Amino acid sequence: QVQLVESGGGLVQAGGSLRLSCAASGFTLDDYAIAWFRQAPGMEREGVACISQSVDTTAYADSVMGRFTISADKAKNTVYLQMNNLKPEDTAVYYCAADWKSQLLVAGACITGGGLGMDYWGAGTLVTVSS
């Protein structure tokens, strides 16, 4: 079974930090790139960050560059999103998604396109940043 499970969301004040986890099962991180997306109420889903072990590449949205860091732990088959200096506009449900053979990442489309073409999705974890 292929499964992605997000965790680590919660309520934090502006300027604070959270670390999200995406635990993958049924495949290895050598076979898929993992991307983080987020969706706020009334907003389009947007890409946040992507990571690929097979091509040793990461990518970030401009809106989170310098504040968020994506990383992977192969032994735990888990991808993390460290979020620092959180802003109220970061409030959203955060999802992780898997990109078979890192096809979208290699094509420069891991973050753009709203996640179209991603092969698997988690159920999401809510991040709320208060003013």
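A disulfide is taken here as a pair of cysteine sulfur atoms within 2.5 Å, and a search of the whole structure finds two of them. The model is predicted, so local features need pLDDT of at least 70 and side-chain atom pairs count only at pLDDT 80 or more, while totals for chains, interfaces and linings use all residues. Residues are numbered from 1 along each chain as its sequence is written, and side-chain values use heavy atoms, with hydrogens and water left out.

**Disulfides**

- Cys22 is joined to Cys96 with an S to S distance of 2.1 Å, and the torsion about this S-S bond is about 75°, so the disulfide is right-handed.
- Cys22 lies in strand β3 and Cys96 in strand β9 (residues 92-100), so the link ties together parts 74 residues apart in sequence; strands (E, at least two residues) and helices (H or I, at least four) are DSSP runs numbered from the N terminus.
- Cys50 is joined to Cys110 at 1.7 Å, S to S, and with -100° about the S-S bond this link is left-handed.
- Counting bonded cysteines along the chain, the disulfides follow the pattern 1-3, 2-4.

**Burial**

- Cys22, at 1% relative accessibility, is buried, as is Cys96 at 0%, where buried means under 20% relative accessible area, exposed over 50% and partly exposed in between (1.4 Å probe, protein chains only).

**Aromatic pairs**

- Rings of Phe, Tyr and Trp (its six-membered ring) pair if their centres lie within 6.5 Å, with planes under 30 degrees apart counted as stacked, over 60 as edge-to-face and the rest as tilted; the count comes to six aromatic pairs.
- Phe27 and Tyr120 form a stacked pair, 6.5 Å centre to centre with 15° between the planes.
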